[in-house]
Structures are given as structure tokens and as C-alpha cells.
Amino acid sequence: ANLLSWKRHKRPHYGPRGRRRPRYGSDTDDNLLGDASGLVSCYYSKTYEYPAGVNQSDSSSIDQLDSRCASDSYVNNDSVATCILNSNAAGYDYDNSNINNDSVCPYYSESTEYPTVTTPEQCKQYFTQFIALGQAVNVTLYGENYVTGIGHGVINGVRGNCWIMSYEGRKAVIFQVDIRSWSLEITYDTLMYLTNNQNPGGNCFVPDVKIINCTDIPGVG
């Protein structure tokens, strides 16, 4: 099965660059679970494979990262690269018919080893429960307000993982339904909340991120 069979990348619109000085982790970080502490500037592994031999990342058009972040601190090497907020319009809205239990949880009998989903059935259960929370709605997580969304993954994330992000004080919790990429595409309304309605196209908006246990989210698990 081709776990990368559904990918959409919308060409960004160029504009002024944002500027932040990031703090990066390592592409071998395996200890990123827990509460909201320990977020790192967004990056993704280009090499992590799960299941064995399947790399759930895509670095297509990464030259746009180099262009958009040319005046900022960022990473782009053979192992990892920075990920920046980007728009895919309605590509990750909940009513997208391409996003379903089978596309989000394309696993066989084996479990996802990193970091939280243990069986394909649990993956589908968690996804169904997460979607039921509502699109771009507020949930209380770790004592703070987060807005829900779905989209790409970060760090070593694979489909079926959950992760949180913070950008300029605004927070979101995301269910990963697709690849890891430099182009961090999520539910549009959630994206607009994070950027305060600013189109991220052309900018170098680097959020802070962390993979979490999906069952930490109220109503999931």
C-alpha cells in the first residue's frame, strides 16, 4: 500500500517574511510526550520510516523554504528541515472526502511504534473521536485553550499521531492525517486563528511544536 498516495501542495503566495529565532530538537527525539512543556521550533524528519521502509515525509518544493526563510534561522539538511505554516485552502477541512479512517490509518496488523497509537483500530477510534470534537473549536488541554484541526505532521510524526503547536501565544492541537513536510498545512480556520488572519504565504512563520498522546485530548481515548 502506498501511504503517501494522497498529498496536496498548494503553491504559496509570496510576501514579506516573518522573523523568528528557532530552537530545534533532534531528528532522533523519542522523548517528546507528556504535557505542554518542552516544545521545540517546528522541524520534521526526512528520514524516519514507519512502517519499515515507508518514509511518511515529502520534501517537494523545499526550495521555497530556502527562499521564504532566507533572512531567518532555519534548518535544511539531509536529515531534518524546518517546517513553516502554509495554506492549503480547504484541503484539510473536515468535510474533505479524501480524508477518512482508511487514509488516516493505513496500517496493517502492526502498531505505530512512535509515539502513541498502538493498533490500527485505536487509530481509527481516536480519529473518529477527534473529528467529533468539531472543526476549529476550543478545547481545554493541559489547562490551556487549544483550537482543533487536522493536517500534516511534525518531528517524527506519522499518520494517526497528535501534536500541539504554539504561535505568537495562540495554540492548536492537530491530528496528523498526512505526511510530514516543510510546508505545514492544517485546517484553514485553525491556521487563520494561529496567524491572526494573516496569509502565511511567502512568510517564514515557524511555530513551536510537540507530539502528544492523543488520549490527553478530552473526548479522545
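A contact, as I use the word here, is a pair of residues with heavy atoms within 4.5 Å. Among contacts in this chain between residues at least 6 apart in sequence, 74% join residues at least 24 apart.

Some housekeeping. This is a predicted model, where local features need pLDDT of at least 70 and side-chain atom pairs count only at pLDDT 80 or more, while totals for chains, interfaces and linings use all residues. Residues are numbered from 1 along each chain as its sequence is written, and side-chain values use heavy atoms, with hydrogens and water left out.

The overall make-up, then. The chain has four helices and eleven strands; these are DSSP runs, helices being H or I of at least four residues and strands E of at least two, numbered from the N terminus. Of its 221 residues, 54% count as buried. Buried means under 20% relative accessible area, exposed means over 50%, and partly exposed is in between, with a 1.4 Å probe and protein chains only. The accessible surface comes to about 9000 Å², and carbon and sulfur atoms hold 43% of that. Those areas are from the Shrake-Rupley method with a 1.4 Å probe, and for residues only the protein chains shown count as cover.

Next, the interior. In soluble globular proteins, nonpolar side chains tend to be buried together. By nonpolar core I mean a set of buried Ala, Val, Leu, Ile, Met, Phe, Trp, Tyr and Cys residues joined through side-chain atoms within 4.5 Å. The largest one here has 30 residues, and Val154, Trp163, Met165, Leu184 and Val209 have the most contacts inside it. Which elements give two or more residues to this core? They are strand 2, strand 4 (80–82), strand 5 (84–86), strand 8, strand 9, helix 4 (188–194) and strand 11 (208–212). Apart from that core lies another, of 23 residues, including Leu39, Val173, Val177 and Ile212.

On to the aromatic rings. The structure holds four aromatic pairs. Rings of Phe, Tyr and Trp (its six-membered ring) pair if their centres lie within 6.5 Å; planes under 30 degrees apart are stacked, over 60 edge-to-face, and the rest tilted. Tyr50 and Tyr107 have ring centres 5.6 Å apart and planes at 55°, so this pair is tilted. Tyr50 sits in the loop between strand 2 (43–45) and strand 3, and Tyr107 in the loop between helix 2 (101–104) and helix 3 (120–132), so the pair ties together parts 57 residues apart in sequence. Both Tyr50 and Tyr107 are buried.

Phe127 and Phe175 also form a tilted pair, at 5.4 Å centre to centre with 55° between the planes. This pair links distant parts of the chain, with Phe127 in helix 3 and Phe175 in strand 9 (residues 170–181), 48 residues apart. Phe127 and Phe175 are buried as well. Ring pairs join Phe127, Phe130 and Phe175 into a cluster.

Now the charged side chains. How many salt bridges does a search of the whole structure find? It finds four, where a salt bridge is a side-chain nitrogen of Lys or Arg within 4 Å of a carboxyl oxygen of Asp or Glu. I will go through three.

Asp102 and Lys124 meet at 3.5 Å, N to O. Asp102 is in helix 2 and Lys124 in helix 3, 22 residues apart. Asp102 counts as exposed, at 55% relative accessibility, and Lys124 as partly exposed, at 29%.

Asp178 bridges to Arg159, with the closest N and O atoms 3.0 Å apart. Asp178 belongs to strand 9 and Arg159 to the loop between strand 7 and strand 8, 19 residues apart. Buried or exposed? Both Asp178 and Arg159 are buried.

Arg170 bridges to Glu168, the closest N and O atoms being 3.2 Å apart. Here Arg170 counts as buried, at 18% relative accessibility, whereas Glu168 is exposed, at 57%.

Last, two backbone details. Ser61 has a phi near 60°, which is positive in a residue other than glycine. Ser61 is in the loop between strand 3 (57–58) and helix 1 (63–68), and is partly exposed at 38% relative accessible area. Ile155, not a glycine either, has a positive phi of about 55°. Ile155 lies in the loop between strand 7 (144–153) and strand 8 (162–167), and at 0% relative accessibility it counts as buried.
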